[in-house]
Amino acid sequence: MNLAKEFAAAGPGCAVANGLLNCFETTKVKLQLHNHAKPVYDTPTTRGVMMQIAREEGIVRGLMTPGLSASLTRSMLYGSYRVGLYSTTKEWLSGDGKDNLSHRMLSGMFTGGLGSMISCPLDVVRTRMQADAGVVRNGKYVTGLKKGDAVRYRGMISAFLTIFKEEGLKKGLY
């Protein structure tokens with residue numbers, strides 16, 4: 001399979017999987033950032049948080065869509081680089097066509113590292129968007145971890161630009 005076909009297959013495949021599982025990623029982020037001294041969720045378990053978010057914000061709006069644009073973009077890039085470049089890198093390393101364990105390991109390390117390096121800012125943006133998600137009234141959150149706080153991000157581009165402007169590339173996005 002040529003490189004373009006590998007990229008075209010890997011990116012969307014990873015994006016579909018991540019899109020379908022975004023509700024669990026959102027829940028994980030909420031649980032990781034939940035402050036037990038100032039609880040937001042009545043039952044801080046995976047099931048409890050998912051049920052409360054679904055009840056207060058709705059399944060789609062509260063669980064499926066927070067950070068989805070960043071998650072899909074990240075999946076497209078990461079999947080394309082990690083999976084799409086793997087065979088080409090392995091073939092290049094083996095030269096004579098006979099690959100071995102070291103070729104496979106080096107290919108995996110290179111393509112995984114490259115994919116992670118490129119997609120790290122999107123991981124930060126996705127996590128921030130998921131952490132901030134909640135019902136908004138009059139510009140303030142009325143549910144979620146940021147209850148009472150003003151809305152920081154209007155979407156993926158807004159989050160990326162705000163983080164970059166306020167925290168910089170190295171401290172904010174990496």
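Is Tyr41 buried or exposed?

1. The model under review is predicted. In it, Tyr41 is buried, at a relative accessible area of 2%; the cut-off for that class is under 20%. Tyr41 belongs to the loop that runs between α2 and α3.

2. The surroundings of Tyr41 come from several parts of the chain. With neighbours within four places in sequence left aside, Tyr41 makes contact with Lys30, His34, Val49, Gln52, Ile53, Gly144 and Leu145. Thr143 stands 102 residues from Tyr41 along the chain, yet the C-alpha atoms of the two are separated by 9.8 Å.

3. Helix α3 covers residues 46-57, and its geometry can be checked against its length. Directly after α3 comes Gly58, with a positive phi near 95°.

4. Which residues of α3 are buried? They are Gly48, Val49, Met50, Gln52, Ile53 and Glu57. These buried residues pack against two other helices, α2 (22-33) and α4 (59-64).

5. The largest nonpolar core contains 10 residues: Ala70, Leu122, Val124, Val125, Met129, Tyr153, Met156, Ala159, Ile163 and Leu173. Two helices, α7 (101-132) and α8 (156-173), each contribute at least two residues to this core. Apart from it lies another core, made of six residues, including Tyr41, Val49, Ile53 and Leu63. In soluble globular proteins, nonpolar side chains tend to be buried together.

6. Val125, a member of the largest core, deserves a separate entry. Which residues does Val125 contact, leaving aside its neighbours within four places in sequence? The partners are Ala70, Met156, Ala159, Phe160, Ile163 and Leu173.

7. Ser71 is part of helix α5 (residues 68-82) and counts as buried because its relative accessibility is 2%, the cut-off being under 20%. Not counting residues up to four places away in sequence, Ser71 touches Asn18, Asn22 and Arg126. Ser119 is located in helix α7 and is likewise buried, at 0% relative accessibility. Under the sequence exclusion of up to four places, Ser119 touches Arg74 and Tyr78.

8. Met117 is also a residue of helix α7. Its relative accessible area is 48%, so Met117 is classed as partly exposed; the exposed class requires over 50%. Gly95 is 22 residues from Met117 along the chain, and the C-alpha atoms of the pair are separated by 26 Å.

9. Most residues other than glycine have a negative phi. Asn138 sits in the loop between β1 (136-137) and β2 (140-141). With a relative accessibility of 80%, Asn138 counts as exposed.

Methods: Residues numbered from 1 in each chain as written. Predicted model: local features only at pLDDT ≥ 70, side-chain atom pairs only at ≥ 80, totals over all residues. Heavy atoms only, no water. Helix = DSSP H or I, 4+ residues; strand = E, 2+ residues; numbered from the N terminus. Expected span 1.5 Å × (residues − 1). Buried < 20%, exposed > 50% of the residue type's maximum accessible area, 1.4 Å probe, protein only. Contact = heavy atoms within 4.5 Å. Core = buried A, V, L, I, M, F, W, Y, C linked by side-chain atoms within 4.5 Å.
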